[in-house]
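Q: I'd like to learn how to read the sheets and the ligand site here. Can you walk me through them?

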Amino acid sequence: MHTERTTSKFGRGVIEHYREYLPVAESTAVISLSEGDTPLVFCPQLSKRVGRVVFVKNEGVNPTGSFKDRGMTLAVSKAKERGATALICASTGNTSASAAAYAARAGISCVVILPAGKIATGKLLQAFAYGAKIVAIDGNFDDALRLVRELGEAGDLAIVNSINPDRIAGQKTAAFEIVDVLGDAPDFHLLPVGNAGNITAYWAGYREYHALGRSTKLPAMIGFQAAGAAPIFYNRIVEQPETVASAIRIGNPASWKQARAAINESHGAIDVVSDEEILAAQTWLAQHEGIFVEPASAASVAGLFKCCDSKDAAYSFQKIQGQSRIVCTVTGHGLKDPDVIIGQMKELKSVPATVNDVRRAVGL
Ligand code: F0G
(Lines give C-alpha, C1' and ligand atoms only; values in the text may rest on other atoms or scores of the structure.)
Protein backbone atom coordinates (compact mmCIF):
# COMPACT_ATOMS: atom_id res chain seq x y z
CA MET A 1 0.00 0.00 0.00
CA HIS A 2 1.23 3.50 -0.80
CA THR A 3 1.96 5.61 2.29
CA GLU A 4 2.75 9.28 2.61
CA ARG A 5 4.68 10.59 5.62
CA THR A 6 5.70 14.05 6.63
CA THR A 7 9.06 14.47 8.34
CA SER A 8 7.70 16.19 11.47
CA LYS A 9 6.94 14.16 14.58
CA PHE A 10 4.04 16.53 15.23
CA GLY A 11 0.64 15.91 13.77
CA ARG A 12 1.39 12.30 12.96
CA GLY A 13 -0.36 10.85 15.96
CA VAL A 14 0.73 9.68 19.37
CA ILE A 15 2.49 6.50 18.22
CA GLU A 16 4.90 8.34 15.91
CA HIS A 17 5.43 11.09 18.50
CA TYR A 18 6.06 8.81 21.49
CA ARG A 19 7.12 5.60 19.74
CA GLU A 20 10.03 4.88 22.14
CA TYR A 21 7.63 4.75 25.11
CA LEU A 22 5.06 2.50 23.48
CA PRO A 23 4.98 -1.23 22.75
CA VAL A 24 5.40 -0.95 18.97
CA ALA A 25 8.00 -2.39 16.64
CA GLU A 26 9.32 -0.81 13.43
CA SER A 27 7.20 -3.35 11.61
CA THR A 28 3.94 -2.43 13.40
CA ALA A 29 1.59 -0.85 10.85
CA VAL A 30 0.38 2.32 12.55
CA ILE A 31 -3.36 2.99 12.37
CA SER A 32 -3.63 6.69 13.14
CA LEU A 33 -5.96 9.62 12.55
CA SER A 34 -3.36 12.14 13.80
CA GLU A 35 -4.71 12.05 17.34
CA GLY A 36 -3.06 13.74 20.32
CA ASP A 37 -0.98 16.93 20.44
CA THR A 38 -4.08 18.56 21.93
CA PRO A 39 -3.99 22.12 23.29
CA LEU A 40 -3.04 22.75 26.90
CA VAL A 41 -4.97 25.98 27.23
CA PHE A 42 -4.11 28.52 29.92
CA CYS A 43 -7.44 29.73 31.29
CA PRO A 44 -7.24 33.31 32.62
CA GLN A 45 -10.84 33.55 33.82
CA LEU A 46 -10.74 30.18 35.49
CA SER A 47 -7.40 31.02 37.11
CA LYS A 48 -8.83 34.28 38.41
CA ARG A 49 -11.98 32.56 39.65
CA VAL A 50 -10.02 30.06 41.78
CA GLY A 51 -6.88 32.08 42.54
CA ARG A 52 -4.55 29.46 41.01
CA VAL A 53 -2.82 28.92 37.69
CA VAL A 54 -5.16 26.66 35.74
CA PHE A 55 -4.68 24.97 32.39
CA VAL A 56 -7.25 22.90 30.57
CA LYS A 57 -6.08 19.93 28.50
CA ASN A 58 -8.66 19.98 25.75
CA GLU A 59 -9.06 16.40 24.62
CA GLY A 60 -12.27 17.22 22.77
CA VAL A 61 -10.23 18.28 19.75
CA ASN A 62 -9.04 14.73 19.03
CA PRO A 63 -10.19 13.22 15.70
CA THR A 64 -13.38 11.68 17.08
CA GLY A 65 -13.81 14.37 19.73
CA SER A 66 -12.52 12.58 22.83
CA PHE A 67 -9.39 11.32 24.59
CA LYS A 68 -10.26 7.75 23.61
CA ASP A 69 -8.41 8.19 20.30
CA ARG A 70 -5.01 8.15 22.06
CA GLY A 71 -5.57 4.63 23.33
CA MET A 72 -7.47 3.47 20.29
CA THR A 73 -4.64 4.16 17.83
CA LEU A 74 -2.43 1.77 19.78
CA ALA A 75 -5.10 -0.83 20.58
CA VAL A 76 -6.20 -1.05 16.94
CA SER A 77 -2.65 -1.04 15.54
CA LYS A 78 -1.72 -3.89 17.88
CA ALA A 79 -4.96 -5.82 17.25
CA LYS A 80 -4.34 -5.61 13.52
CA GLU A 81 -0.72 -6.69 14.01
CA ARG A 82 -2.00 -9.77 15.86
CA GLY A 83 -4.27 -10.57 12.92
CA ALA A 84 -7.63 -9.42 14.32
CA THR A 85 -10.38 -8.99 11.75
CA ALA A 86 -12.98 -7.58 14.12
CA LEU A 87 -13.04 -5.41 17.25
CA ILE A 88 -15.52 -5.30 20.08
CA CYS A 89 -16.17 -2.81 22.86
CA ALA A 90 -18.75 -1.80 25.43
CA SER A 91 -19.28 1.90 25.72
CA THR A 92 -21.08 4.84 27.20
CA GLY A 93 -20.50 6.42 23.77
CA ASN A 94 -17.03 7.78 23.22
CA THR A 95 -15.14 4.49 23.13
CA SER A 96 -17.59 3.21 20.52
CA ALA A 97 -17.18 6.32 18.36
CA SER A 98 -13.41 6.01 18.53
CA ALA A 99 -13.28 2.24 18.00
CA ALA A 100 -15.60 2.54 15.01
CA ALA A 101 -13.43 5.22 13.40
CA TYR A 102 -10.12 3.39 13.90
CA ALA A 103 -11.66 0.10 12.74
CA ALA A 104 -12.78 1.84 9.55
CA ARG A 105 -9.28 3.21 9.11
CA ALA A 106 -7.81 -0.27 9.65
CA GLY A 107 -10.28 -1.93 7.29
CA ILE A 108 -11.66 -4.23 9.97
CA SER A 109 -15.14 -4.50 11.43
CA CYS A 110 -16.30 -3.24 14.79
CA VAL A 111 -19.03 -4.41 17.15
CA VAL A 112 -20.19 -1.96 19.82
CA ILE A 113 -22.43 -2.88 22.74
CA LEU A 114 -24.26 0.05 24.27
CA PRO A 115 -26.73 0.63 27.10
CA ALA A 116 -30.04 1.28 25.29
CA GLY A 117 -31.28 4.85 25.50
CA LYS A 118 -28.25 6.09 27.44
CA ILE A 119 -25.88 7.18 24.68
CA ALA A 120 -25.59 10.87 23.81
CA THR A 121 -26.93 11.66 20.35
CA GLY A 122 -23.66 12.77 18.77
CA LYS A 123 -21.78 9.68 19.89
CA LEU A 124 -24.39 7.26 18.60
CA LEU A 125 -24.43 9.15 15.35
CA GLN A 126 -20.65 8.76 15.09
CA ALA A 127 -20.78 4.98 15.56
CA PHE A 128 -23.40 4.79 12.78
CA ALA A 129 -21.45 7.07 10.48
CA TYR A 130 -18.23 5.05 10.84
CA GLY A 131 -20.15 1.87 10.06
CA ALA A 132 -20.00 -0.06 13.35
CA LYS A 133 -22.32 -2.97 14.08
CA ILE A 134 -24.30 -1.49 16.96
CA VAL A 135 -26.10 -3.57 19.58
CA ALA A 136 -28.20 -1.79 22.22
CA ILE A 137 -28.80 -3.88 25.33
CA ASP A 138 -31.38 -3.68 28.09
CA GLY A 139 -28.77 -3.01 30.72
CA ASN A 140 -26.13 -0.49 31.74
CA PHE A 141 -22.45 -0.09 30.81
CA ASP A 142 -21.35 -2.62 33.43
CA ASP A 143 -23.62 -5.25 31.82
CA ALA A 144 -22.25 -4.36 28.38
CA LEU A 145 -18.66 -4.77 29.56
CA ARG A 146 -19.49 -8.16 31.08
CA LEU A 147 -20.84 -9.30 27.70
CA VAL A 148 -17.78 -7.96 25.91
CA ARG A 149 -15.46 -9.90 28.23
CA GLU A 150 -17.42 -13.10 27.52
CA LEU A 151 -17.54 -12.55 23.77
CA GLY A 152 -13.87 -11.53 23.67
CA GLU A 153 -12.80 -14.68 25.51
CA ALA A 154 -14.17 -16.75 22.62
CA GLY A 155 -11.19 -15.34 20.71
CA ASP A 156 -12.59 -14.07 17.43
CA LEU A 157 -13.12 -10.46 18.53
CA ALA A 158 -10.36 -8.19 19.84
CA ILE A 159 -11.49 -6.23 22.92
CA VAL A 160 -10.62 -2.53 22.71
CA ASN A 161 -12.00 -1.38 26.07
CA SER A 162 -9.46 -0.06 28.56
CA ILE A 163 -9.12 -3.56 30.07
CA ASN A 164 -6.83 -3.91 27.03
CA PRO A 165 -3.43 -2.60 28.28
CA ASP A 166 -2.67 -1.06 24.87
CA ARG A 167 -5.47 1.42 25.50
CA ILE A 168 -3.87 2.56 28.76
CA ALA A 169 -0.42 2.73 27.16
CA GLY A 170 -1.72 5.00 24.40
CA GLN A 171 -3.62 7.23 26.80
CA LYS A 172 -0.57 7.87 29.00
CA THR A 173 0.78 10.09 26.19
CA ALA A 174 -1.53 12.86 27.42
CA ALA A 175 0.61 13.12 30.56
CA PHE A 176 3.77 13.20 28.42
CA GLU A 177 2.36 16.08 26.38
CA ILE A 178 1.52 18.08 29.50
CA VAL A 179 5.04 17.69 30.90
CA ASP A 180 6.56 18.49 27.49
CA VAL A 181 4.53 21.69 27.22
CA LEU A 182 4.81 22.89 30.84
CA GLY A 183 8.46 21.86 31.19
CA ASP A 184 7.52 19.92 34.33
CA ALA A 185 4.56 18.08 35.81
CA PRO A 186 1.76 20.21 37.27
CA ASP A 187 1.13 20.16 41.03
CA PHE A 188 -2.42 18.89 40.67
CA HIS A 189 -4.18 16.97 37.95
CA LEU A 190 -7.97 16.90 38.02
CA LEU A 191 -10.08 14.65 35.81
CA PRO A 192 -13.43 12.87 35.55
CA VAL A 193 -13.50 9.18 36.48
CA GLY A 194 -15.80 6.58 34.95
CA ASN A 195 -14.34 3.19 34.13
CA ALA A 196 -11.11 4.58 35.65
CA GLY A 197 -8.81 3.84 32.71
CA ASN A 198 -7.83 7.44 32.16
CA ILE A 199 -6.69 8.23 35.70
CA THR A 200 -4.69 4.99 35.57
CA ALA A 201 -3.12 6.02 32.28
CA TYR A 202 -2.21 9.56 33.34
CA TRP A 203 -0.59 8.30 36.52
CA ALA A 204 1.42 5.73 34.55
CA GLY A 205 2.55 8.48 32.16
CA TYR A 206 3.55 10.90 34.89
CA ARG A 207 5.46 8.19 36.77
CA GLU A 208 7.25 7.01 33.65
CA TYR A 209 8.39 10.50 32.67
CA HIS A 210 9.43 11.23 36.25
CA ALA A 211 11.49 8.04 36.44
CA LEU A 212 13.27 9.12 33.25
CA GLY A 213 14.05 12.55 34.74
CA ARG A 214 11.71 14.39 32.38
CA SER A 215 9.93 16.00 35.33
CA THR A 216 11.06 16.99 38.81
CA LYS A 217 7.78 16.17 40.56
CA LEU A 218 4.59 14.17 40.37
CA PRO A 219 1.11 15.70 40.54
CA ALA A 220 -1.56 14.82 43.07
CA MET A 221 -4.22 12.99 41.06
CA ILE A 222 -7.72 14.15 41.96
CA GLY A 223 -10.59 12.28 40.33
CA PHE A 224 -14.27 13.21 40.22
CA GLN A 225 -17.22 10.91 39.87
CA ALA A 226 -20.83 11.95 39.37
CA ALA A 227 -22.65 11.75 42.70
CA GLY A 228 -25.12 9.15 41.36
CA ALA A 229 -22.37 6.98 39.89
CA ALA A 230 -19.57 7.08 42.45
CA PRO A 231 -18.48 3.53 43.36
CA ILE A 232 -14.86 4.46 44.10
CA PHE A 233 -15.84 7.37 46.32
CA TYR A 234 -18.38 5.29 48.27
CA ASN A 235 -16.20 2.18 48.07
CA ARG A 236 -19.05 -0.03 46.88
CA ILE A 237 -20.53 -1.15 43.57
CA VAL A 238 -23.42 1.05 42.45
CA GLU A 239 -26.03 -1.28 40.90
CA GLN A 240 -28.11 1.46 39.22
CA PRO A 241 -25.77 4.36 38.42
CA GLU A 242 -27.54 7.55 37.31
CA THR A 243 -26.18 10.89 36.13
CA VAL A 244 -26.73 13.47 33.42
CA ALA A 245 -23.05 12.87 32.53
CA SER A 246 -23.85 9.67 30.63
CA ALA A 247 -20.19 9.07 29.71
CA ILE A 248 -19.36 8.34 33.35
CA ARG A 249 -22.56 6.49 34.25
CA ILE A 250 -20.64 3.47 35.55
CA GLY A 251 -21.21 1.50 38.75
CA ASN A 252 -18.36 -1.00 38.74
CA PRO A 253 -15.23 0.42 37.08
CA ALA A 254 -12.81 -2.03 35.46
CA SER A 255 -9.71 -0.15 36.67
CA TRP A 256 -11.03 0.47 40.19
CA LYS A 257 -7.90 -0.87 41.94
CA GLN A 258 -5.51 0.98 39.65
CA ALA A 259 -7.42 4.23 40.20
CA ARG A 260 -7.19 3.73 43.96
CA ALA A 261 -3.47 3.13 43.64
CA ALA A 262 -3.02 6.30 41.57
CA ILE A 263 -4.94 8.34 44.14
CA ASN A 264 -3.08 6.87 47.12
CA GLU A 265 0.41 6.90 45.61
CA SER A 266 0.03 10.49 44.38
CA HIS A 267 -1.49 11.67 47.70
CA GLY A 268 -4.52 12.77 45.74
CA ALA A 269 -8.22 12.18 46.31
CA ILE A 270 -11.49 11.00 44.83
CA ASP A 271 -14.57 13.13 45.20
CA VAL A 272 -18.10 13.53 43.89
CA VAL A 273 -19.83 16.35 42.04
CA SER A 274 -23.59 16.66 41.59
CA ASP A 275 -25.32 16.84 38.23
CA GLU A 276 -26.17 20.49 38.97
CA GLU A 277 -22.51 21.28 39.65
CA ILE A 278 -21.49 19.48 36.46
CA LEU A 279 -23.93 21.38 34.25
CA ALA A 280 -23.07 24.70 35.91
CA ALA A 281 -19.36 24.08 35.26
CA GLN A 282 -20.08 23.13 31.63
CA THR A 283 -21.89 26.44 31.08
CA TRP A 284 -19.25 28.42 33.00
CA LEU A 285 -16.37 27.02 30.95
CA ALA A 286 -18.17 27.63 27.65
CA GLN A 287 -19.17 31.18 28.56
CA HIS A 288 -15.96 32.33 30.28
CA GLU A 289 -13.22 30.47 28.42
CA GLY A 290 -14.85 29.55 25.10
CA ILE A 291 -14.31 25.85 25.70
CA PHE A 292 -17.42 23.76 25.14
CA VAL A 293 -17.20 20.30 26.64
CA GLU A 294 -19.61 17.48 27.27
CA PRO A 295 -21.11 17.12 30.77
CA ALA A 296 -18.78 14.30 31.92
CA SER A 297 -15.77 16.43 30.98
CA ALA A 298 -17.06 19.35 33.01
CA ALA A 299 -16.79 17.16 36.13
CA SER A 300 -13.11 18.12 36.39
CA VAL A 301 -13.95 21.83 36.42
CA ALA A 302 -16.90 21.30 38.77
CA GLY A 303 -14.44 19.45 40.97
CA LEU A 304 -11.96 22.32 40.83
CA PHE A 305 -14.67 24.70 42.01
CA LYS A 306 -15.53 22.30 44.82
CA CYS A 307 -11.87 21.97 45.94
CA CYS A 308 -11.56 25.76 46.03
CA ASP A 309 -14.95 26.71 47.47
CA SER A 310 -16.30 23.94 49.65
CA LYS A 311 -15.33 22.81 53.12
CA ASP A 312 -16.75 19.38 52.26
CA ALA A 313 -14.28 18.74 49.44
CA ALA A 314 -12.16 15.60 49.73
CA TYR A 315 -9.20 17.79 48.73
CA SER A 316 -9.18 21.41 49.81
CA PHE A 317 -7.09 23.90 47.88
CA GLN A 318 -7.83 26.42 50.61
CA LYS A 319 -5.11 24.79 52.70
CA ILE A 320 -2.49 25.01 49.99
CA GLN A 321 -0.26 28.05 50.06
CA GLY A 322 1.54 29.74 47.20
CA GLN A 323 1.41 29.33 43.47
CA SER A 324 0.61 25.92 42.18
CA ARG A 325 -0.18 24.75 38.70
CA ILE A 326 -3.37 22.86 38.11
CA VAL A 327 -4.31 20.91 34.99
CA CYS A 328 -7.92 19.91 34.39
CA THR A 329 -8.51 17.40 31.65
CA VAL A 330 -11.68 17.97 29.69
CA THR A 331 -12.25 14.67 28.00
CA GLY A 332 -14.82 15.15 25.23
CA HIS A 333 -16.35 17.79 22.94
CA GLY A 334 -19.60 19.51 23.85
CA LEU A 335 -21.23 18.86 20.47
CA LYS A 336 -21.31 15.14 21.20
CA ASP A 337 -24.00 15.56 23.83
CA PRO A 338 -26.27 18.45 22.86
CA ASP A 339 -29.47 17.28 24.55
CA VAL A 340 -29.29 19.27 27.80
CA ILE A 341 -28.23 22.45 26.00
CA ILE A 342 -30.98 22.01 23.40
CA GLY A 343 -33.42 21.84 26.32
CA GLN A 344 -32.06 25.12 27.69
CA MET A 345 -32.16 26.98 24.36
CA LYS A 346 -34.92 29.50 23.87
CA GLU A 347 -37.03 29.17 20.77
CA LEU A 348 -35.59 31.31 17.97
CA LYS A 349 -38.20 33.53 16.35
CA SER A 350 -37.15 35.16 13.10
CA VAL A 351 -37.27 38.95 12.66
CA PRO A 352 -37.52 40.99 9.46
CA ALA A 353 -34.13 41.37 7.72
CA THR A 354 -33.54 45.01 8.66
CA VAL A 355 -30.84 46.64 10.76
CA ASN A 356 -33.43 48.11 13.10
CA ASP A 357 -35.12 44.78 13.75
CA VAL A 358 -31.78 43.09 14.42
CA ARG A 359 -30.77 45.92 16.78
CA ARG A 360 -34.04 45.60 18.66
CA ALA A 361 -33.70 41.79 18.87
CA VAL A 362 -30.32 42.04 20.62
CA GLY A 363 -31.36 44.96 22.83
CA LEU A 364 -29.24 47.69 21.23
N1 F0G B 1 -15.04 11.60 30.08
C2 F0G B 1 -15.60 11.12 28.97
C3 F0G B 1 -16.09 12.11 27.97
C4 F0G B 1 -15.71 9.72 28.76
O5 F0G B 1 -16.26 9.28 27.64
C6 F0G B 1 -15.24 8.85 29.75
C7 F0G B 1 -15.36 7.40 29.59
C8 F0G B 1 -14.65 9.41 30.89
C9 F0G B 1 -14.57 10.77 31.03
C10 F0G B 1 -14.10 8.57 31.99
O11 F0G B 1 -12.92 7.97 31.62
O12 F0G B 1 -13.62 5.62 31.89
O13 F0G B 1 -11.22 6.24 31.65
O14 F0G B 1 -12.47 6.80 33.72
N15 F0G B 1 -16.01 6.86 28.66
C16 F0G B 1 -16.06 5.41 28.39
C17 F0G B 1 -16.75 5.14 27.07
C18 F0G B 1 -16.53 4.60 29.52
O19 F0G B 1 -17.30 4.05 26.88
O20 F0G B 1 -16.72 5.99 26.20
P21 F0G B 1 -12.52 6.57 32.26
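A: Let's start with terms: strands (E, at least two residues) and helices (H or I, at least four) are DSSP runs numbered from the N terminus, and two strands pair if DSSP finds at least two bridges between them. This is a predicted model, in which local features need pLDDT of at least 70 and side-chain atom pairs count only at pLDDT 80 or more, while totals for chains, interfaces and linings use all residues. Residues are numbered from 1 along each chain as its sequence is written, and side-chain values use heavy atoms, leaving out hydrogens and water.

Q: Which strand does strand 7 join through five bridges?

A: In general, strands of a sheet pair through backbone hydrogen bonds, either parallel or antiparallel. Here strand 7 (residues 188-192) runs parallel to strand 8 (residues 220-226). Take L191: its bridge partner in strand 8 is G223.

Q: What is the strand order of the sheet with six strands?

A: Read across that open sheet and you get 1-2-10-7-8-9, with mixed pairing. Strand 1 (40-42) and strand 9 (269-273) each have a single partner strand, so one side of each has no neighbour in the sheet. From one strand to the next, the twist averages 25° (axes are lines fitted to C-alpha atoms, with angles from 0 to 180 degrees between N-to-C directions).

Q: And what order does the open sheet of four strands have?

A: That one goes 5-4-3-6, with parallel pairing. Its edge strands are strand 5 (133-137) and strand 6 (158-159). Strand 4 (residues 109-115) and strand 5 share five bridges, and I113 has V135 as its bridge partner in strand 5.

Q: Which residues come nearest to the ligand?

A: A residue is near if one of its heavy atoms lies within 4 Å. Of the 21 residues around the ligand, S91, N195, A196, N198 and T331 come nearest. Helix 4 (94-106), helix 9 (197-211) and helix 13 (295-309) each give at least two residues to the shell.

Q: Which side chain has an N or O atom 2.8 Å from a ligand oxygen?

A: That's N94. From the backbone, an N or O atom of T95 also lies 2.8 Å from an oxygen atom of the ligand.

Key. A polar contact is a pair of N or O atoms within 3.5 Å; within protein, one must be able to donate a hydrogen and the other to accept it, and residues adjacent in sequence count only if both atoms are side-chain atoms.
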